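Here is a briefing on a ligand site and selected charged pairs. Start with the structure below.

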Amino acid sequence: MDQSRIRNFSIIAHIDHGKSTLADRLLERTGAISERDMRAQLLDEMDLERERGITIKANAVRIDYAAQSGAVFELNLIDTPGHVDFSYEVSRSLEACEGALLLVDASQGVEAQTLANAYLAIESGLEIIPVVNKIDLPAAEPERVASELANILGGSPDEVIAVSAKSGIGIDELLEAIVDRLPPPDGDPDAPLRGLVFDSYYDTYRGVVSLVRVVDGRLAEGDAIRFMATSEDLEADEIGVRRPMIEPTGSLRAGEAGYLITGVKDIDLIRVGDTVTHVDRPASEPLAGYEEPKPMVFSGLFPTDGDDFERLREALDKLRLNDSSLVFEAETSRALGFGFRCGFLGLLHMEIVRERLEREYDLDLVATAPSVEYVARRTDGTEMIVHSPQDLPDAAELASIEEPYVKVMIITPSEYIGTVMELVQAKRGEMGDMTYLSPERVELHYTVPLSEIVFDFFDQLKSRTRGYASLDYEPLDYRASDLVRVDILLNSQPVDAFSTIVHKEKAYTYGRAMVKRLRELIPRQMFDVPVQAAVGSRIISRETIKARRKDVTAKCYGGDITRKRKLLERQKEGKKRMKMVGSVEVPQEAFVAALTIGDE
Amino acid sequence: MSDPGHLGLQPDDPALVEHARTWRSAYVHIPFCRRRCPYCDFAIVDESQREVSQTERYVDAVVAEIGLVEQSMVLDAVNFGGGTPTRVSVAGLARIVESLSDRFGLADEAEISLEGNPEDLDEDVLASLVGAGFNRLSLGVQSLDDDVLERLGRVHTASDAEAVVVAAREAGFRSVSVDLIFGHPSESDESWRRTVERTLAMEPDHVSTYALTVEAGTALAREIATGAPEPDDDVQASRYELFCDAASDAGIVRYEVSNHAAHGHHCRYNLGTWANADYLGFGMAAHDHVDGERSRNVQRLDHYLDLVAQGVRPRAATESLSSHDEERDGLMLGLRLAAGVPLEGLAAVFAASPIGVALLDAGVLSVDGGQLRADPMRSDLAIREALSVSDPDC
Ligand SMILES: Nc1nc2c(ncn2[C@@H]2O[C@H](COP(=O)(O)OP(=O)(O)O)[C@@H](O)[C@H]2O)c(=O)[nH]1
Ligand code: SF4
Ligand SMILES: [Mg+2]
């Protein structure tokens, strides 16, 4: 296809504003998929993506579009995840595009990820078409939202296209705008090959499948290719596009996006962000790549049944094939036995990984409360990275601790400004600037320690603003803080998996809340169980889980021994999901209790 | 007085349990009740929901079912439970006793027992029951606090119940048991203390104590789901202890979690069941344990009547037990007995297992005189662990 007839674009949006639905509609309107074969959210392939209604992995589909002028265009739609945890994937996908549709729900208005994504697109030099969606809703305010969009992008509200992805209103106009307003790619078809690997995933049958955007030159099957960052030389086994079903095309030309299969099984050989070129006519400079995202949140994952440790390792290895942002290393806990310390991009990523491990690999896991990465400086001048609170050196050896801070952007109706400020202050945040998007909605900037965000910030923000505020954040820097480790003792024995690093001023409140919460969560045992919180050797709080006095039901009705036996066996089976910590049975929820204690 | 059922032994004596294992009993389920009590999920027919009582047809069916049994054994005990056996005419009950006697034979001075509610019993009925051969009455007193009785949905009063106890004695019942339910949220410590006092003042031969439990699907469960207070485990544990202490001062000893008897007055059918002895079961939803099998009859009255009419034993399910299973069940049941189980075989393996040792440490289990015993208020805990230790798959 002539480069001037190619359009590569992404849809970027805050979660739930209708990105997947719009993609479905574009596929349907252009005949890429018949109405009969249409299943909702076609590009969301994982079970989890469909169930949770979120896109986790990027995806690329080719659509042929016959424009009103009669010319036929090749549209490459690059779907991107919509959650803050995966924003690095968004920026990656944007590198493969010349344009973006910035989609906003007409009943909600601009949200934090709308803005964050818009800034990413602007930084990448993309042409942006603002779109308001869901105009079919009675609560839609397309004019107000269009003017918010125009404010941000610096254009006129008239440039905003109004659609309903659900009912199909405005889709024709949008398709025309895509070919009229977005620029074609401008690579050199005759220059040495340069293709950007913007995603990779692992397919059990075909090995590593990479998504590639060819910038210069031409990539064809059988070519001897080189990945410039890893200097890995391979052969291009199969090249094609998705429509959305896989369709081999034999080659990809400058400006086109598609997939590449090399037969390689080891995902580490083909890094996302790398540039592919030819072995015999290599490009002199790689394309600007991007940094691998760094995990921000760490948590221990332990099999409830210690015998499952090896199965957990295998499952993590397999998951990593599709998710290079997942990192893990073996960890031993006195309380929980053998497991892995895992690093995640954020809480959603953590939840998704855990859910996939349990579901797809049939594992029963205990997860510990998430923690961030601290830098501890010892009195002897050495420095160590702390991923797990239990690794923090003793107070006597500790000179200082630094913790990661993030830049937080919150968009909220202006009536909640006070509430949001209170919350941010309680979370040790510092106020930055404030911009009115419209008289009713305001964009707030803060600097907050990541550890505070990781806990329950998002839930609290949502509940205090009745769901109206949205949040986005990005890493900023490390700062020294007055932090201590709060340990929890069960039955007078410290339980390493419960240790948490908190700000000194919050240690007492935290310890008290945690001990209370554990008293509620841990069922009564056959003996009294003291639960204590301690900083160093100082006990700061104590509660007792009183021994269970009654565990019997009298009824053995009419001699129904079989039923009674089965009932008791079922009850016992239920208890197997508990973890024995010393001689105390602890339910899985208790290990993430820190997440649910709130601010009281 | 000669009584082959107690051999001069106290109800909690291991030697008595040993003997009880050889007793043979028959259980007859009478599934009729005047109306369903708010806490009850037993297999019953609520007569207030029916136009015609089917009690006479039911008696015919039970008699017919007795005729379908192949095994032969002489019965040491017959027990009518329910439901409310006294919803069936005395003549009907007598016919069932007779057919059991004809079919199997009754041992000398066999225990012939029935459960009954005070409102169904007057001097005449009691006299004819004795005339029909009944010598033990288990009376559904439940509480001696009229407010609590009302909350339990009972139609009798405390003084009605006391009068029936006296009348039953006079009519010639050898053993009269007072059955109590404790721990309803409307019952106070004081109310329970008075119920215990008044109960013991009647000098009953036997007392059964049941902690009120909330069963799914009952009116009580619905009330609680909509905010009514729940029974409290700690409160129930204290009330139970209060009763056990007062009863033992009065010479009434606990021989099973819920059963307490004066010397010579343990319920033989009951003790036999807990000793893992064989017993036959007749009637809708009845259970039995015979020759290494546990069986359960169908739970619906129409199915029961149909099957028996076709000459088929109305089984819903049968479980056959290996000798290991029997030993496991013996342990499970024995841990509810005050006598406990001999510390040998599976019981010894359990006591020596890590969890067994932890339970001994915590006082949930104890060993004394070569017997392994469980704390009665925590016997389910002990049994759950015993079952998992004795599971051959583990
Ligand atoms: N009424 C209405 N609902 C829509 C429209 N577009 C999407 N939705 C609904 O909004 C929800 C989120 O859509 P989805 O496409 O999953 O959003 P994504 O998270 O951005 O991919 C779904 O329930 C859609 O059915 C629209 O134009 N009108
Ligand atoms: S009388 Fe007994 S069996 Fe009948 S409904 Fe009441 S509690 Fe249940
Ligand atoms: Mg989506």
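Arg377(A) is partly exposed, at 28% relative accessible area (buried is under 20%, exposed over 50%, partly exposed in between; 1.4 Å probe, protein chains only). This is a predicted model: local features need pLDDT of at least 70, side-chain atom pairs count only at pLDDT 80 or more, and totals for chains, interfaces and linings use all residues. Side-chain values use heavy atoms, with hydrogens and water left out.

**Salt bridges**

- A salt bridge puts a side-chain nitrogen of Lys or Arg within 4 Å of a carboxyl oxygen of Asp or Glu.
- The whole structure holds 67 salt bridges over all chains.
- Arg377(A) pairs with Glu402(A) in a salt bridge, with the closest N and O atoms 2.7 Å apart.
- Arg377(A) sits in strand S21 and Glu402(A) in strand S23 of chain A, so the pair ties together parts 25 residues apart in sequence.
- Glu402(A) is buried, at 18%.
- Lys134(A) and Asp105(A) form a salt bridge at 3.0 Å, N to O.
- Lys134(A) is partly exposed at 23%, whereas Asp105(A) is buried at 3%.

**Ligand 1**

- Among the 16 residues around ligand 1 (a heavy atom within 4 Å), Asp16(A), Lys19(A), Ser20(A), Thr21(A) and Asp136(A) come nearest.
- A polar side-chain atom of Thr21(A) lies 2.5 Å from a ligand 1 oxygen.
- For Asn133(A), a side-chain N or O atom is 3.1 Å from an oxygen atom of ligand 1.
- Ala165(A) brings a backbone N or O atom to 2.9 Å from a ligand 1 oxygen.

Conventions. Residues numbered from 1 in each chain as written. Chains lettered and ligands numbered in written order. Polar contact = N/O pair within 3.5 Å; in protein donor to acceptor, adjacent residues only side chain to side chain. Helix = DSSP H or I, 4+ residues; strand = E, 2+ residues; numbered from the N terminus.
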